[in-house]
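Have the structure open and follow along.

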Amino acid sequence: MLPAGKAASSLLLLAMFVVVSLDPVIAGCCSPIWGDCTEQQKNRIMEACKNPYLKRDNPVRTIPAKTHACCQLVREYQAPKTMNCIVNRFTKKEKKEYDPTLLFYFRSYCALPPSRSPPHPHKVMV
């Protein structure tokens with residue numbers, strides 16, 4: 001058996017550990033591991049991409065043009081954690097009507113191809 005002083009300090013230490021572990025702010029439990037995004041960002045993506053691109057009942061899967069507002073926003077929010085965050089903000093009702101996981105496909109599809117460097121001048125011997 002532990003002496004009274006050691007038992008009390010061990011109990012206090014254990015209690016502090018439990019409090020720190022359970023506090024989401026201190027422990028970082030619920031920090032945005034999915035990235036930082038706002039409801040406004042999700043709403044902007046929804047407005048630009050939902051019809052017809054994200055519709056679940058769309059029989060012919062259409063994709064936006066790379067110049068379309070949907071692709072422009074996808075490029076703006078293309079950081080993986082930001083897109084994860086936006087997808088996680090979809091409500092259950094929205095997920096029944098729309099397929100937010102298509103945004104992950106759009107992230108690679110909408111990426112602009114690398115710009116081509118100008119051709120190197122060729123020297124012609126005369």
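This is a predicted model: local features need pLDDT of at least 70, side-chain atom pairs count only at pLDDT 80 or more; totals for chains, interfaces and linings use all residues.

**Helices and who they touch**

**The buried side of H4**
- H4 runs over residues 69-76, and its buried residues are Cys70, Cys71, Leu73 and Val74.
- These residues sit on the same side of H4, because they cover an arc of only 165 degrees around the axis.

**H3 meets H7**
- The axes of H3 and H7 are 12 Å apart, and the two helices pack at an angle of about 100 degrees.
- That angle is why H3 counts as roughly perpendicular to H7.
- On the H3 side, Ile45, Cys49, Tyr53 and Leu54 take part, and they meet Leu102, Leu103 and Phe106 in H7.
- Sort the residues of this H3 and H7 contact by class and you get seven nonpolar, no polar and no charged ones.

**Glu94, a buried residue**
- You'll find Glu94 in helix H6, which spans residues 92-97.
- Is Glu94 buried or exposed? Glu94 has a relative accessible area of 18%, so it counts as buried, the cut-off being under 20%.
- The side chains of Glu94 and Lys42 are joined by a polar contact of 2.9 Å.
- Setting aside neighbours within four places in sequence, Glu94 touches Lys42, Met46 and Arg89.

Methods
Residues are numbered from 1 along each chain as its sequence is written. Side-chain values use heavy atoms; hydrogens and water are left out. Buried means under 20% relative accessible area, exposed over 50%, partly exposed in between (1.4 Å probe, protein chains only). Helices (H or I, at least four residues) and strands (E, at least two) are DSSP runs, numbered from the N terminus. The arc is that of the directions from the helix axis to the C-beta atoms. Axes are lines fitted to C-alpha atoms, for helices over the stretch in contact, and angles run from 0 to 180 degrees between N-to-C directions. Angles under 35 degrees count as roughly parallel, over 145 as roughly antiparallel, 65 to 115 as roughly perpendicular and the rest as oblique. Contact means heavy atoms within 4.5 Å. Ala, Val, Leu, Ile, Met, Phe, Trp, Tyr, Cys and Pro count as nonpolar, Asp, Glu, Lys and Arg as charged, and the others, Gly among them, as polar. A polar contact is a pair of N or O atoms within 3.5 Å; within protein, one must be able to donate a hydrogen and the other to accept it, and residues adjacent in sequence count only if both atoms are side-chain atoms.
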